[in-house]
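Reader: I have a model open and would like to learn how to read it. Please take me through a few features, one at a time.

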Amino acid sequence: MLSTTNTSEPVARVLSRVQAKPNGRGWMARCPAHNDRKPSLSIAQGDDGRALLHCHAGCTHDAIAAALGIEKRELFADAGESAAPPPRAPRLFPTAKEAVEGYRATLGQEAARWIYRDAAGQPVGMVMRWNLEDGSKTIRPLWRIGENWQQTYPPQRSIYALDRLEADRTGRVFVTEGEKCAEMIATLGMLATTSPGGANGAERANWEPLAGREVVILPDADEAGRKYAETVRARLAELDPPARVAVVALPGLEDGEDAVEFVGRVHGGDLAVARRTIEELAGKAIAKPALPDGWMTIGELLDDPGLLKPPETIASGWNPFDRAQPFGAAERGTITILAAPPKCYKTFTMLRLARGFAERGYRVAWLAGEMRPQALARRLLCQYARIGQSALASEVMPPDHAERLGNALRDLGARVEGRIDLKRAPIGFADLRRAGECADVVFVDYLQMVQHPDPSIKGNERIEATMAKMVEVATRTNAVFIVAAAQPADGAGADRTLFNCVRGSTAAAYSADAVYCAERPSESVRESGAKFSIEYRCLAHREGAEHSFKVAIDPRTGLIAEEGSP
């Protein structure tokens, strides 16, 4: 039992709660505020009887008192006082040398010291170590605060070797617990740093110089080391940009050992082997994770023997459209927008394409947001029979029209049966997904009619989300999307650009692989009785030249004329 006969009540109170050994004019004990593997808590008695406590690992008085289970005021001779006496003003030293001599006057010659420097290499602080007779150690700091040096840490502590970090801003950085370990790693020829103040110093350090860098933490082989590593990892994750961090437990260490023993005991002082081992471990730990399925490297793409071959395409068999495509047909997995005002025959044009794809054996899905499927079927039938839709409404159909219509019903059904499916409004994102999964070609008539799953999302945001969904489905399923879109009022003819070709959002045009734009023919042209053409001018195409195509119209029937012509 430790004798406390000549001690004050506050000191006796502290000694009764720890296993302490005499050390010069005081005692040394394991600090209860952290996992202390070697005694680091200095206990002494002040002139006024107060208990003087100092944890060389950096624990605060509040933390030590709380761990001891006593009130902070109980560290003073008059425990009845509600507040502690005001702290003494810190001693100021004009130079670091005088501050060092101040320590030596009571502790003797230090065993080691480590100088902290700023990015320019100027000394800003120092950590000194004394080895005590009982095998423990004493760590004391001194720092330049303002114009003077003080035997303490500043409120915010710079990390170690800032000048080396500044000299190499891209290299991998190793973080150790303590300056001795950092210097050992530096001896191996690698960048290393640490935070001043031991295991509890990480929270008070300024880690900003490591923002965005690749950092490997080498913890000591004990619980305190692991906690230190996690604290540093958390701090580095808060940086802007955050550091890329890995924690590497050095193999072969016994409890309480660190990087110094890893080089000295584990590897027998062989610096080359120790460095190679650490670099291999760090490389594996810091390696970027493999990207998920769907990603590919540029090397894989360049090694693909099919890279320079034409992409996979499907043809509609309708020359005006197919010849305008860079590869002579629609490329799979693409989105084409036909943007035009009303009376530009968008629906007739798309129906002609749908029939062409179906006749060539491709599965077609038509999402009818604007027109009922029955009306679309009648238009498709009339186009095939070469009969104007007005004939369907007449009370007496001419015999030749009736015959052509009957033949069309029979022939068209046989040619496209089972290969064209229509979905009436409303059109939702689930319909886009399902159509892409089941069909080779998906017609959306029209873009502005697609409904977002969240009814509160409207306007431009809804159009952008719709395009994003189509891009996702087309990319995943390899389906071709052909989309009708309304146009805004501004811009006409040659003045129409990608900025004003689609009503609602420019994102629609920029998300598509090809954009075609048409202008409404004048009333005089439509009423002249002569055939005319609607030109779908190509505003953009991601592959190849921007070829336009023309749709010839017979005004007598309101149908597409000269189907086979370019």
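Reader: Which residues of helix α15 are buried?

Author: This is a predicted model. A residue counts as buried when its relative accessible area is under 20%. In α15, which runs over residues 429–438, the buried ones are F429, L432, A435 and G436. They lie on the same side of α15, because the arc they cover around the axis is only 130°.

Reader: What do the buried residues of α15 pack against?

Author: Their partners include the strands β19 (364–368), β21 (427–428) and β22 (441–445). Also among them are β23 (450–451), β24 (480–485) and the helix α16 (459–477).

Reader: How many salt bridges does the structure hold?

Author: It holds 30. One of them joins the side chains of R13 and E74, at 3.6 Å from N to O. R13 belongs to helix α1 (residues 9–15) and E74 to the loop between α2 (61–68) and β5 (92–93), so this pair ties together parts 61 residues apart in sequence.

Reader: Are R13 and E74 buried or exposed?

Author: Both are buried. Compare the pair R164 and E183, whose closest N and O atoms are 2.9 Å apart. R164 sits in helix α4 (residues 162–167) and E183 in helix α5, 19 residues apart. R164 counts as partly exposed because its relative accessibility is 32%, and E183, at 23%, also counts as partly exposed.

Reader: Which residue forms a salt bridge with D421?

Author: R363 does, with 2.8 Å between the closest N and O atoms. D421 is in strand β20 (residues 420–424), and R363 is in the loop between α11 (346–359) and β19, so the bridge ties together parts that are 58 residues apart in sequence. Relative accessibility is 36% for D421, which counts as partly exposed; R363, at 35%, counts as partly exposed too.

Reader: Which residues are linked in a network of salt bridges?

Author: The network links R433, R434, E437, K469, E472 and R476.

Reader: Now the pockets. How much space lies in the second largest pocket?

Author: Rolling a probe the size of a water molecule over the atoms shows where empty space is left. Here the second largest pocket has about 750 Å³ of space. It is lined by 32 residues, of which R37, R129, K137, E177 and D220 are the closest to its centre. Elements giving two or more residues to the lining are β7 (123–131), β8 (137–145), α5 (179–187) and α7 (259–266). The largest share, three residues, comes from α5.

Reader: How do the residues of that lining divide into nonpolar, polar and charged?

Author: Ten are nonpolar, ten polar and twelve charged.

Note on methods: Residues are numbered from 1 along each chain as its sequence is written. This is a predicted model: local features need pLDDT of at least 70, side-chain atom pairs count only at pLDDT 80 or more; totals for chains, interfaces and linings use all residues. Side-chain values use heavy atoms; hydrogens and water are left out. On a 1 Å grid over the protein atoms alone, a cavity is a set of points where a 1.4 Å probe fits but cannot get out, and a pocket is an open set with protein on both sides within 12 Å along at least five of seven lines; lining residues have an atom within 4 Å of a point. Grid points are joined across faces, edges and corners, and a volume is the space filled by probe spheres set on the points. Helices (H or I, at least four residues) and strands (E, at least two) are DSSP runs, numbered from the N terminus. Ala, Val, Leu, Ile, Met, Phe, Trp, Tyr, Cys and Pro count as nonpolar, Asp, Glu, Lys and Arg as charged, and the others, Gly among them, as polar. Buried means under 20% relative accessible area, exposed over 50%, partly exposed in between (1.4 Å probe, protein chains only). The arc is that of the directions from the helix axis to the C-beta atoms. Contact means heavy atoms within 4.5 Å. A salt bridge is a side-chain nitrogen of Lys or Arg within 4 Å of a carboxyl oxygen of Asp or Glu.
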